[in-house]
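Here are my notes from going through this one, in the order I'd look at things on screen. Have the structure open beside you as you read.

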Amino acid sequence: MNINVPDCISIAASNLPKGQKLATILFALCLCLIFSVSAYGQEHDFEYIGNHIYLETEVNGKPAKLVFDTGAELIYLDSAFVADNGLSFKRIGNAVIEGIGTDGPGKTKIILGEILVSLGGNVYKPEYTPLINLKPLLGEQADGIFGMKAIFGKIISIDYKNGKFSLYDKLEPHMTQGWHCVPVKFQSRQILVPLKVKVNPQTIISGDALMDIGSGSGITFTSPAASAHSLENIEVKEQFETGGLGGKSAGYTIPVESADINGIPIDLESAQYSTDQNGSFATSRYAANVGNEIWSQFDIILDLAAGKMYLKKN
């Protein structure tokens, strides 16, 4: 239900004695403001740099740019950011994390319950926060990663063109009018979407793909999917090597003819396939990883509790 402030005041103040009108109008104004916040949610500006979404936050009172990442569960902090800002902690633990790369799971320090992350007035206190050397991987602007766990119960809206990141408690019908609805799965803390890529007339790859908004790449097939579809036999290809949390990752870039997400066409001329034998690109849980080169073509609304995503070409 959409109610604007003048309508609220008019309804509340009608047919009342003059002495009661002022108090009633003030009360109605407060109610209208509450309705307005509920309707429009919590809107945050973001910077889009190097195919990454940077949220302006504060970490223990220090300004911090955190990369929003649907492929990450937790809030991570860059170790250099922590050192440069003189942040110290009493409760430190050890953990093993797995990520992209062939070197296997890596050891890292974790901060236990001493981190407060403020985003637009909302404060998040993660149970534990891994420390990672992120800047060499994401760029000097990256002070950390903002994962999904803190906001899982929210409706998430991303407007790439206007740099708006919004969180809602409820999805109103008017918010998705004219949008394409895509069924999604939320399994093992990962968002899986239906993807189909026509590499050539003989090779069409269909299956679940990881929605990885923390990645600046396009579409990368996992090594099991690449092997199952004999992508190594494609003659026109170019080798690549990149770095990740688990070390180096390698593979090939190949031309493709077309691609879509649940029937919604995406602009794509090439894709990558991984040759990794370890790490997240060696998994058989999904066929491909889809990054921001693809997602930035759309406005996005995520309603994970309902198993739905809404897309609109921007």
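1. Let's begin at the cavity. Strand β16 (residues 203–211) gives the largest share of the lining of the largest cavity, with five residues. Sorted by class, six of the lining residues are nonpolar, two are polar and one is charged.

2. How much space lies in the largest cavity? About 30 Å³. The count of cavities of 30 Å³ or more comes to one.

3. Keep in mind that this is a predicted model. Mean pLDDT for the protein chain is 86, with 82% of residues at 70 or more. Residues 1–16, though, have pLDDT below 50, and in the model this stretch makes 18 contacts beyond near neighbours in sequence. Residues 21–39 are also below 50, with 16 such contacts.

4. For the overall fold, the protein chain comes to six helices and 25 strands. Of its 314 residues, 46% count as buried. Take the contacts between residues at least 6 apart in sequence: 64% of them join residues at least 24 apart.

5. Now the inside. In soluble globular proteins, nonpolar side chains tend to be buried together. Here the largest nonpolar core has 62 residues, and Phe68, Ile219, Trp295 and Ile300 are those with the most contacts inside it. Strand β15 (residues 190–200) supplies the largest share of this core, five residues. Another core, of 10 residues, lies apart from it; Tyr76, Leu138, Ala142 and Ile145 are among its members.

6. Which residues is Phe68 in contact with, leaving aside neighbours within four places in sequence? The list runs Ile53, Leu55, Phe146, Met148, Ile151, Ile156, Ile158, Phe165, Ile213 and Gly214.

7. Last, a look at His44, which sits in strand β1 (residues 42–49). Is His44 buried or exposed? Its relative accessible area is 8%, and because buried means under 20%, His44 counts as buried. Not counting residues up to four places away in sequence, His44 touches Leu119, Gly120, Asn122, Gly163, Lys164, Phe165 and Leu167. Phe165 turns up again here: Phe68 is in contact with Phe165, and His44 touches Phe165 too.

Terms used. Residues are numbered from 1 along each chain as its sequence is written. This is a predicted model: local features need pLDDT of at least 70, side-chain atom pairs count only at pLDDT 80 or more; totals for chains, interfaces and linings use all residues. Side-chain values use heavy atoms; hydrogens and water are left out. Helices (H or I, at least four residues) and strands (E, at least two) are DSSP runs, numbered from the N terminus. Buried means under 20% relative accessible area, exposed over 50%, partly exposed in between (1.4 Å probe, protein chains only). Contact means heavy atoms within 4.5 Å. pLDDT is the predictor's confidence in each residue, from 0 to 100. On a 1 Å grid over the protein atoms alone, a cavity is a set of points where a 1.4 Å probe fits but cannot get out, and a pocket is an open set with protein on both sides within 12 Å along at least five of seven lines; lining residues have an atom within 4 Å of a point. Grid points are joined across faces, edges and corners, and a volume is the space filled by probe spheres set on the points. Ala, Val, Leu, Ile, Met, Phe, Trp, Tyr, Cys and Pro count as nonpolar, Asp, Glu, Lys and Arg as charged, and the others, Gly among them, as polar. A nonpolar core is a set of buried Ala, Val, Leu, Ile, Met, Phe, Trp, Tyr and Cys residues joined through side-chain atoms within 4.5 Å.
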